[in-house]
Amino acid sequence: MKQVEDSEILEKFSQEKTRNEAFNLLLNKYQQKIYWHIRRLVLNHDDTDDLVQDVFIKVWKNLEKFRSDSQLYTWIYRIATNESITFLNKQKQQNNTPLDEVSAELADNLVASSYFNGDKVQLKLQKALLTLPEKQRLIFNMKYFDELKYEEISEITGTSVGALKASFHIAVKKIETFMLNEDITF
Amino acid sequence: MEENLEHSDWMKEMKDTGFTTPSNYFEGLNQSIQAKLSMERLKVSVHEDGFTVPTCYFEQLQSGILAKTTDVVQSRPEPKLIKLWHSKLLKYASAACFVIVAGIGTLYYNQQTERTSVAMTEEMATEQMLYDIDEEVIIEHIEANSNQLPKASASEIAMENYILNNYSQNELVADL
């Protein structure tokens, strides 16, 4: 199935008659990508479900103001990233969880979740990711899972390409060390 | 041997291709390659991330989001339409004010025009009067009334010039 161009989506969205059709096309094209991007950050399916809907409502409300000085999908990714980080920070504050215990709590929730059927190695990878600082985990996810280019990640996060490369290289080293550590088993 | 020397000189020249690299590129290149290799190894051992979704989730997600956008459109308050004139009375009163202001403006403009034309007419009449009076009469009058001015003998041309430079038409008419 041929993917519709962003320019076509924006053109149709600008006209009231074709606005709903345009939004349908946008959802077809991006909803899964954005879902998984959020899911890898917040881990829980129900939280992701709420967030992804909030993100696309924001997209609906603000798309007519979108200036084509960035790519459409990096703009949507940016909204999704900001919503996810805001959610995680709120969760930490509400639960009053000390920062060093947050990753452990998230990992426990992951194991208990009915929407995670990963094997031991996959679980170990998720725990490795949870040891990373939030931003480093975000950058790793976008590079490793979403396979975005550094320039695209730079647009989304507002961080320079050089800093992103350094952050990613450090993240990869940490994860590799964690994965190779035979003392850590589940 | 000479051929070998020539060949190496030529080779040295060709090495400088003019291409450049970003600063510290090769220091970062090693890291980039190592990171890519680690990622490749990771992908081999961990094929997927283990996350799943409920059955038919994405189909339901789309319709759920579309339903919420309809709510957003319906909940938007309609822009309030404020009429410029609430009643006919206000409409007619505005028109009447406009007519009065326009009338006053026209009247004022006409009065100004009349004054200007009257002033111009008076000036023209003064000029005509001066033209009719003899020059010798004008000169005699000025000589008789002026005590402070130096009494030097002047030719007729010099006297004319003096009068023209120092007296306005209205002053001459008023005195005569």
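In the predicted model, 22 residues of chain B are in contact with 29 residues of chain A. Sorted by class, the side of chain B that touches chain A comprises nine nonpolar, ten polar and three charged residues.

One helix pair that joins the two chains is formed by H9(A) and H2(B). Two packed helices are described by the angle between their axes and the distance between the axes. For H9(A) and H2(B), the angle is about 45° and the axes are 10 Å apart. The two helices are therefore oblique to each other, and H9(A) passes H2(B) in a left-handed crossing. From H9(A), the residues that take part are Lys165(A), Phe168(A), His169(A), Val172(A) and Glu176(A). Their counterparts in H2(B) are Gly28(B), Gln31(B), Ser32(B), Ala35(B), Ser38(B) and Met39(B). This contact contains four nonpolar, five polar and two charged residues.

Within chain A, helix H2 (residues 19–42) packs against H3(A), their axes coming within 9 Å and crossing at roughly 140°. That angle makes H2(A) oblique to H3(A), and the crossing of the pair is right-handed. H2(A) supplies Phe23(A), Leu27(A), Gln31(A), Ile34(A), Tyr35(A), Ile38(A), Arg39(A) and Val42(A) to the contact, where they meet His45(A), Asp47(A), Thr48(A), Leu51(A), Val52(A), Val55(A), Phe56(A) and Trp60(A) of H3(A). By class, the contact of H2(A) with H3(A) has eleven nonpolar, three polar and two charged residues.

Helix H3 of chain A covers residues 45–62. At 1.5 Å a residue, its 18 residues should span 26 Å, and the end C-alpha atoms are 26 Å apart, which agrees. The buried residues of H3(A) are Thr48(A), Leu51(A), Val52(A), Val55(A), Phe56(A), Val59(A) and Trp60(A). Among these, Leu51(A) and Phe56(A) are buried and also belong to the contact with H2(A).

Elsewhere in chain A, Ser160(A) is placed in the loop between helix H8 (150–157) and helix H9 (161–180). Ser160(A) counts as exposed because it has 11 C-beta neighbours inside 10 Å, the limit for this class being 12 or fewer. Ser160(A) lies ten residues from Tyr150(A) in sequence, and the C-alpha atoms of the two residues are 8.7 Å apart in space.

Terms used: Residues are numbered from 1 along each chain as its sequence is written. Chains are lettered from A and ligands numbered from 1 in the order in which they are written. This is a predicted model: local features need pLDDT of at least 70, side-chain atom pairs count only at pLDDT 80 or more; totals for chains, interfaces and linings use all residues. Helices (H or I, at least four residues) and strands (E, at least two) are DSSP runs, numbered from the N terminus. The expected span of a helix is 1.5 Å times one less than its number of residues. A residue is buried if 20 or more other C-beta atoms lie within 10 Å of its own, exposed if 12 or fewer, and partly exposed in between; C-beta atoms are placed from the backbone. Two residues are in contact if their C-beta atoms, placed from the backbone, lie within 7 Å. Ala, Val, Leu, Ile, Met, Phe, Trp, Tyr, Cys and Pro count as nonpolar, Asp, Glu, Lys and Arg as charged, and the others, Gly among them, as polar. Axes are lines fitted to C-alpha atoms, for helices over the stretch in contact, and angles run from 0 to 180 degrees between N-to-C directions. Angles under 35 degrees count as roughly parallel, over 145 as roughly antiparallel, 65 to 115 as roughly perpendicular and the rest as oblique. A crossing is left-handed if the near helix is turned anticlockwise from the far one by less than a right angle, and right-handed if clockwise.
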